[in-house]
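Biologist: I'd like to learn how to read a model like this one, feature by feature. Could you take me through it?

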Amino acid sequence: MSTDEIPPLGVVPETVLRPGFQAWLSLVHSYGSVAKTLDRRLTRDLDISLAWFEVLVLLHTAADGRRRLLELSRLLIVSKASVSKLIDRMEKSGLVRREASERDRRAVYAVITPSGREALSEALPLQTANVEDCFSRLLDERDLHDLVRILGKVTAHYEGIEPSGPSTPGAAPAPSDREGGQAAP
């Protein structure tokens, strides 16, 4: 890139001013602001981070209360190493336990414990109220429906599904994440 192509300091490149880029920045900044506040409140009130809460929800909503670490990393959009460290800390707190697969020695599962279910049961009403206070109350009913519809389109594109309503991350494991399963073509 030549110096002729670099905009002077203080000048916003034309591409950044496009609606698509502005929408993306708004989404990222909004999520960051709300997530930071939710994390701070959960940590203050229950000594559970937002990441811990999300793991507990994902494990609780799994049919058998367990998910592969690889699946958790995909659903949480973090590296497998990050999930492993997260599960280590949660395991030390007694909220989850690791379980090896009997069929695939490479597969390691995180399993929610009774203490984890109890912690989630305590956190869920607080988190519901926090989400209402930090996010939902700022939008009207139409905004909320539009947001679910719009973000559902984006999620569907990347997950290869039909946009048909609310998308809950991890509602069902992907075939490639199931023990012994094969990836869909």
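Biologist: Let's start with Asp47: is Asp47 buried or exposed?

Modeller: First, keep in mind that this is a predicted model. The cut-off for exposed is a relative accessible area over 50%. Asp47 has 61%, so Asp47 counts as exposed.

Biologist: Let's turn to charges. How many salt bridges does a search of the whole structure find?

Modeller: The idea behind them is that side chains of opposite charge can pair when their charged atoms come close. Searching the whole structure gives 12 salt bridges.

Biologist: Which residue forms a salt bridge with Asp133, and where do the two partners lie?

Modeller: Asp133 pairs with Arg41, and their closest N and O atoms are 2.9 Å apart. This pair links distant parts of the chain, 92 residues apart: Asp133 belongs to helix H5 (residues 114-134) and Arg41 to helix H1. As for accessibility, Asp133 is partly exposed at 31%, and Arg41 counts as partly exposed at 21%.

Biologist: What is the N to O distance between Arg44 and Asp45?

Modeller: Their side chains meet in a salt bridge at 2.7 Å, N to O. Arg44 is exposed, with a relative accessible area of 59%, while Asp45 is partly exposed at 37%.

Biologist: Which residues are linked in a network of salt bridges?

Modeller: Asp64, Arg66, Arg97 and Glu99.

Biologist: Now the helices. How do I read the crossing of H3 and H4?

Modeller: Look at how close the axes come and at their angle. The axes of H3 and H4 come within 9 Å and cross at roughly 110°. Angles of 65 to 115 degrees count as roughly perpendicular, so H3 and H4 fall in that class.

Biologist: Which residues make the contact?

Modeller: H3 brings Leu69, Leu70, Leu72, Ser73 and Leu76, and H4 brings Lys80, Val83, Leu86 and Ile87. Sorted by class, this contact has 7 nonpolar, 1 polar and 1 charged residues.

Biologist: At what angle do H2 and H4 cross?

Modeller: At roughly 85°, with the axes coming within 11 Å. That makes H2 roughly perpendicular to H4. From H2, Ala51, Trp52, Val55 and Leu56 meet Leu86, Ile87, Arg89 and Met90 of H4. By class, the H2 and H4 contact holds 7 nonpolar, no polar and 1 charged residues.

Biologist: Next, the core. Which residues touch the most other members of the largest nonpolar core?

Modeller: Leu56, Leu72, Ile87 and Met90, in a core of 27 residues. At least two residues of this core come from each of H1, H2, H3, H4, strand E3 (108-112) and H5. H2 gives the largest share, 7 residues.

Biologist: What does Leu56 touch?

Modeller: Leaving out residues up to four places away in sequence, Leu56 touches Met90, Leu95, Val96, Ile112, Gly116, Ala119 and Leu120.

Biologist: Zooming out, how many helices and strands are there in the protein chain?

Modeller: The protein chain has 6 helices and 3 strands, and from the N terminus the elements run α-α-β-α-α-β-β-α-α. Of its 185 residues, 27% count as buried. Among contacts with a separation of 6 or more, 51% join residues 24 or more positions apart.

Definitions and conventions. Residues numbered from 1 in each chain as written. Predicted model: local features only at pLDDT ≥ 70, side-chain atom pairs only at ≥ 80, totals over all residues. Heavy atoms only, no water. Buried < 20%, exposed > 50% of the residue type's maximum accessible area, 1.4 Å probe, protein only. Salt bridge = Lys/Arg side-chain N within 4 Å of Asp/Glu carboxyl O. Helix = DSSP H or I, 4+ residues; strand = E, 2+ residues; numbered from the N terminus. Axes fitted to C-alpha atoms, helices over the stretch in contact; angles between N-to-C directions. Parallel < 35°, antiparallel > 145°, perpendicular 65-115°, else oblique. Contact = heavy atoms within 4.5 Å. Nonpolar A, V, L, I, M, F, W, Y, C, P; charged D, E, K, R; others polar. Core = buried A, V, L, I, M, F, W, Y, C linked by side-chain atoms within 4.5 Å.
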